[in-house]
Amino acid sequence: MPKAHVIGLGKSGIAAAQLLKRKGWTVTVSDRGTSDSLQRQQQQLAQDIPVRLGTSFDPDGNTDLALLVVSPGVPWDLPNLDRSRELGIETIGEMELAWRHLQSCPWVGITGTNGKTTTTALTAAIFQAAGYNAPACGNIGNAACELVLSQANGKPHLDWVVAEISSYQIESSNSITPRIGVWTTFTADHLNRHKTLENYYNIKAKLLKASELQVFNGDDPYLRSVASQWPNACWTSTRNEVDLKPFAYLDGDAVMVEGKKILSVSALNMPGSHNCQNLLMSVAAARLAGIEAEAIAHAIATFPGVPHRLEVLGTCDGVQFVNDSKATNYDAALVGLASVASPAVLIAGGEAKEGDAIAWLQKIREKAAFVLLIGEAASLFAQKLDSVGYSNYEIVETMERAVVRSREIALKYDAATVLLSPACASFDRFPNFEVRGDRFRQLCQEFLEVC
């Protein structure tokens, strides 16, 4: 049997290993981590899939490998991956592995710096309301390889795959060609991995160039500045502007596509102007797929929102608690803070990223009554707040302490909202933003249920 190795024991790595085993490969897995959560995940794999924790993959000791599959969180330019390619070991990402088994099914591939998750969830909801078996996967919902396994296990045939695809996943995929590609936003992010803005842009553009049909957010300044590079794309905008000639746009409260009203934007029960942009992109993708207005309107009217992205958890003593753990960079956190009622008590921090924090800091000065700082970035964020003359902050370090203090401070400052919007990755304390958001929700529910 051919041999394969999977690097990374997260959700994607487990699904990739299980799929390869199902397809007749001899499979091994490694992960540099040794956490309790990884040890629990290790137990999910069959006994005949060996897993080594606390070790890095050694390509020179595995020259008989035919395939190396890399989980999304593993940097694509690690020396051992470069060495694997030199040795002729085919090296791909988990998303590419899934595509090779699902390419007979049309895909909607959604990428962008921010807005991917909400747009993916909205798009999947619309397709499902139209009667399609169209699950969301990638950075949301299932790992892509889990969908392949579901088909192998006799689950209903997939009509569409709606995939949130990060730059990491595009980088490690050679042949993904979606029927419809969607680009939500573009700002500086992940530069510690991609090095330059140009390189980051080119990685994103790779997916859209491979897509048969393309949807772009015309409200995004950077994407709009490169519109001439995409002459055949379908643009969306919250404004009906002559120079852009958007395919989908707003006319007052009406969501319009090519001059026809599809639904009222007020049907979407999600705060923030950015969600109007997400709605337009989802509607545009649905119309390109031939979905009728009635199905689109029904899906939006019944859409419950997205966990960890401005997720309203409840209200206690007149203060609303909101989980925005998905805000892993300055731009997303700025949008989150701009979308909630003020004055707000903001919980921020985690593993800091590169990026321009000026606009986010200004929004804090405008809307935040107090800031509670957690995680590794706490001291750095304190310095940034000091630099703009903002002194209403406290370093509390842990999520547990932040939630306790947020209730006390919210009452003191008559705050309308307590908002977890970290502006950071989660990896200093949590395996991903979902676990971070789940912990915040759990801590809040302990008092929201009895408040």
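Helix 1 passes helix 4 in a left-handed crossing; a crossing is called left-handed if the near helix is turned anticlockwise from the far one by less than a right angle, and right-handed if clockwise. Before going further, note that this is a predicted model: local features need pLDDT of at least 70, side-chain atom pairs count only at pLDDT 80 or more, and totals for chains, interfaces and linings use all residues. Residues are numbered from 1 along each chain as its sequence is written, and side-chain values use heavy atoms, with hydrogens and water left out. Helices (H or I, at least four residues) and strands (E, at least two) are DSSP runs, numbered from the N terminus.

Back to that first pair. Helix 1 covers residues 11-22 and helix 4 covers residues 94-102; they pack at an angle of about 40°, with their axes 10 Å apart. The axes are lines fitted to C-alpha atoms, for helices over the stretch in contact, and the angles run from 0 to 180 degrees between N-to-C directions. Helix 1 and helix 4 are therefore oblique to each other, given that angles under 35 degrees count as roughly parallel, over 145 as roughly antiparallel, 65 to 115 as roughly perpendicular and the rest as oblique. On the helix 1 side the contact (heavy atoms within 4.5 Å) is made by S12, A16, L19 and L20, and on the helix 4 side by E94, L97 and H101. Those residues divide into four nonpolar, two polar and one charged. Here Ala, Val, Leu, Ile, Met, Phe, Trp, Tyr, Cys and Pro count as nonpolar, Asp, Glu, Lys and Arg as charged, and the others, Gly among them, as polar.

Next, helix 5, which I will take with two partners. Helix 5 (residues 116-129) packs on helix 12 (residues 293-301) at an angle of about 125°, with the axes 8 Å apart. That makes helix 5 oblique to helix 12. The crossing of these two, helix 5 and helix 12, is right-handed. Helix 5 contributes L122, A125, I126 and A129 to the contact, and helix 12 contributes A295, I296, H298, A299 and I300. By class, the contact of helix 5 with helix 12 has eight nonpolar residues, one polar and no charged.

The other partner is helix 11 (residues 273-288), which packs with helix 5 at an angle of about 40°, with the axes 9 Å apart. Helix 5 and helix 11 are therefore oblique to each other, and helix 5 passes helix 11 in a right-handed crossing. From helix 5 the contact takes T118, T119, L122, T123, I126 and F127; from helix 11 it takes N275, N278, L279, M281, S282, V283, A285 and A286. The contact of helix 5 with helix 11 divides into eight nonpolar, six polar and no charged residues.

Now the cysteines. How many disulfides are there? The count comes to one, where a disulfide is a pair of cysteine sulfur atoms within 2.5 Å. The disulfide joins C316 to C451, with S to S at 2.0 Å. The link of C316 and C451 is right-handed, with 85° about the S-S bond. The pair links distant parts of the chain: C316 is in strand 15 (residues 311-316), C451 is in the segment after helix 17 (433-448), and they are 135 residues apart. C316 is buried at 4% relative accessible area, while C451 is partly exposed at 48%; buried means under 20%, exposed over 50%, and partly exposed in between, with a 1.4 Å probe and protein chains only.

C105 counts as buried, at 5% relative accessibility. C234 is in no disulfide either, and its nearest cysteine sulfur, that of C276, is 20 Å away. C234 is also buried, at 15%.

Last, the two loop residues. I89 lies in the loop between helix 3 (79-86) and strand 5 (90-93). Buried or exposed, I89? I89 is buried, at 3% relative accessible area. Leaving aside neighbours within four places in sequence, I89 is in contact with P59, N62, L65, L67, L68 and S84.

E351 lies in the loop between strand 17 (344-349) and helix 14 (358-367), and is partly exposed at 29%. Not counting residues up to four places away in sequence, E351 touches E376, C424, A425, F427 and D428.
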